[in-house]
Amino acid sequence: MKTLHKFHGGVHPPEHKTESSRLPIAAAPLPQRLIVPLRQHIGNPATAIVKVGDPVLKGQMIAAADGFISAAVHAPTSGTVSAIELHAVPHPSSLPDLCISIESDGEERWTERWPLDYQTAGPDAVRALLRDAGIVGLGGAVFPTWVKLNPGSQKIKTLVLNGAECEPWITSDDLLMRERAAEIVAGIKIMAHLMQPEQVLIGIEDNKPEAIEAMQSACQGTSFKVVTVPVLYPSGGERQLIKLLTGKEVPSGRRPINIGVTCSNTGTAYTVHRAVNHGEAVISRIVTITGNVAKPQNFEALIGTPLGELVQLAGGARPDTSHYIMGGPMMGFDLNHLDAPLTKAINCVIAASPALFPPKPAAMPCIRCTQCAQSCPCNLQPQELFWFSHSKNFDKARAYNLSDCIECGCCDYVCPSHIPLVSYFRYAKSEIAAQDREKMAAERARQRFEFKQMREEREKAEKAARMAEKAAAAAAAKAAAAASGVEDPVAAAKQAAIQAAVERARARKAEAAAQAATTATENPTES
Amino acid sequence: MSSPHVLTPGNSVSTIMLLVLAALLPAIAVYYFFFGPGILISLALASITALVAEAAMLQLRNYPVKPFLTDGSAVLTAWLLALSIPPLAPWWLIVVGTAFAIVVAKHLYGGLGNNLFNPAMVGFAVLMISFPATMTQWPAPLLLSQHPVGFSEALQYTFSGTLQGVKLDAVTMATPLDTLKTQLNLQHTVGEVKHMPVFGVFGGKGGEVVAAMYLLGGLFLLQRRIITWHTPVSFLATLALVAALFNGIDPSRYASPMFHLFTGGAMLGAFFIATDYVTSPTTPLGKLIFGTGVGFLEYVIRVFGGYPDGIAFSILIMNATVPLIDAYTQPRVFGHDSGTKP
């Protein structure tokens, strides 16, 4: 079934798929050491629940999900925890991250596995299993799947499965669909059970005829439809694929679920099946090793396998390899440490050479040719966004919808002046985010200041009120005293006391004098 | 290195400029065939002047000379100007026009990508206003000329201003548009005028073939996605429609649409000048508005204005409105109901 809808723009970079799609998926041998990062998903990193020296079994949870948007992490094989420390991980920043290192004992002993009959267990139980099995979106965004597969009160019209794999060089989804279509479909059934969509559409680019055929066969007997989409980058972008298959656009700033659509990668469906029907946590994935290597191909490798080992398995990088790209050439980033491990997010490693990836020429000024605007799948005006980012006019960049940019790289790809447009947009986005944070902080500070002002005023007012009350009470008492004839009761009382004391003193003096007089009359001769 | 890690192979500013220059070659060849070697001398002299002026300005502005000098944009400006002015022009006309275009209209406004007005048209306007007599001395088509000018004679005229033993009048002839304007003012009708020897099938003799070659070159640029259809189509359609309107009202005073499309700078303007990236709008609707404006003004200036052809002035006037057009024609963004409001 062909798709009827289109999205604006898009480009056709050379595909380079056949280099790695000729061989079947190879099982990578067990590595000596596995380095498992705690942060392999969007949201909070998992928190370790083992310590150094603990023995672990294959598939055992070694770090628990932390909070709502989070996922668990599991031991890829049996062995001993040798370290929990910072280690190089694949990330554009080249910064290290906390990882649990496991020395494998070579025995591959599984932990207890708990599959679930999803049709009788409630949806909450299934989602809890997905959370504890560490299922995250394997399309690259690694969003925790158990959060996504929750329709809430929303009626879901379409469940979209993303088998487009539109980036050049990458063939991991292609091979998975060719070889394990039945299991993918089993996973889709579970997803459909949770979401209860009206229709299920599986989008696959038309450069994967074997995968299309395999998935079509596997879908027989179900109501799932395989839809062929024309090869065009970035047809695998979530919003673009939804537009292609359903004709609907996800509104800016909202999620697909807001228009009754859910989109998941076909690889994620596979892991959902393994988790629910076999009780297996996510401990491996298919990864394409391609580019300037002797034997490019796909491997099923354990999470935590050092990427350099996988490159060696692919025949090793040729001598003129200059660097390595994680992901595809359009949106991938540089890998700076070959000992960084395979994570759930990595679907491809490309060994790059100057021949395969010529260095970019120096940038010229923008000539307003609008090739970028013509190729933008979000229908933005990249040349305007460039002018604004370049001149730090971030308000205008915001107004021209910079936040809708998906950083797909189509604009860079077509620019005759070789301007690094995506880099400018990333810069502007982070400046805008920093500005927003500062503004929020300033707003909070202002609120606190105003509250303090108000509080001080209120206290002052209360004190004044109290003083007024006291003064009023005193005045009232004074008034009452004046009404009963005494000028100043306090002073009057004082006067009375003084008078009384004076009287007492006079009285005593008089008494003393009288006493003296009586003694004199009784003793006359003594003179 | 950040993403993306690949760019379109072989894509650069100089590739685009070279393709545009290539698209002009058929027209230049036909021009030479019908009007003699003067055009080749003009093109060469203008190109040299443009490159020298560009190199000088780049040095003064502390820009790296090599990448900008080799991007081809200066040569393109030179060719467009040379194709707009009389082919048998004195050297100082070519040099002044080209130098002004490059130095003032391009570099003093910010250089590549930053100029508001089309440099070639600014150069043309300056020459038209400063040297109106020289700018109207167009050579006759070789077929009609009393004395067809050869290569060395053309060279001699360009650099010395004199032709050996021949008066200039013997060589020059009024252009088709100029002829039409003058004759209409003398109360002849279009029908009478059309039979004069300077006119061919649609437009002027020889000139209409050159215009057809510009059309061909323009279609080549469209196919290669160097230009989009919006500006040429809206410009030519507006010109043709307005011409048809007036022609319908009074065919004896107003020439036919085909005449207007195939004379003067219409075809050159539609595909090569109005489509200049830097000075035209960036939005599809904007390009349509721009093309319509240029087409309308072109007709108005030709028919009701003082100049025989109005392409330069119509483009310059519309250039001034481009930032406004851009601000008000932003297209709808994915996931939004409408485009950015100014």
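Hi everyone. The structure holds 28 salt bridges over all chains. Please keep in mind that this is a predicted model. On confidence, the predictor gives the complex an ipTM of 0.90, along with a pTM of 0.87. Chain B has an average pLDDT of 91, and 100% of its residues score at least 70.

Let me begin with the interface. How many residues does the contact take from chain A and from chain B? Chain A gives 51 residues and chain B gives 39 residues. Put together, the two chains bury about 3900 Å² between them, and 56% of that is on carbon and sulfur atoms. In chain A, the residues that lose the most area to chain B are Lys360(A), Ile367(A) and Arg368(A), which together make up 17% of what that side buries.

Please hold on to Arg368(A), as we meet that residue again among the charged pairs. The rule finds 2 salt bridges across the interface of chain A and chain B. Arg368(A) makes a salt bridge with Asp326(B), and the closest N and O atoms of this pair are 3.3 Å apart. As for polar contacts, 24 residue pairs are counted between chain A and chain B, both residues being at pLDDT 80 or more.

Which elements give two or more residues to the side of chain A that touches chain B? Among them are two strands, β15 (323-326) and β16 (333-335) of chain A. The helices include α7 (238-246), α11 (382-390) and α14 (421-483), again of chain A. By residue type, the side of chain A that touches chain B divides into 25 nonpolar, 16 polar and 10 charged residues.

Now let's step away from the interface, to a sheet in chain A. Here 4 strands form an open sheet, in the order β2-β8-β7-β4, with antiparallel pairing.

One last stop, a salt bridge inside chain A. The side chains of Arg178(A) and Asp174(A) meet at 3.1 Å, N to O. These residues are 4 apart in helix α4 (residues 172-179) of chain A, so about one helical turn separates them.

Notes: Residues are numbered from 1 along each chain as its sequence is written. Chains are lettered from A and ligands numbered from 1 in the order in which they are written. Side-chain values use heavy atoms; hydrogens and water are left out. Contact means heavy atoms within 4.5 Å. Buried area is the accessible area (1.4 Å probe) that two parts lose on being put together, summed over both. A salt bridge is a side-chain nitrogen of Lys or Arg within 4 Å of a carboxyl oxygen of Asp or Glu. A polar contact is a pair of N or O atoms within 3.5 Å; within protein, one must be able to donate a hydrogen and the other to accept it, and residues adjacent in sequence count only if both atoms are side-chain atoms. Ala, Val, Leu, Ile, Met, Phe, Trp, Tyr, Cys and Pro count as nonpolar, Asp, Glu, Lys and Arg as charged, and the others, Gly among them, as polar. Two strands pair if DSSP finds at least two bridges between them. pLDDT is the predictor's confidence in each residue, from 0 to 100.
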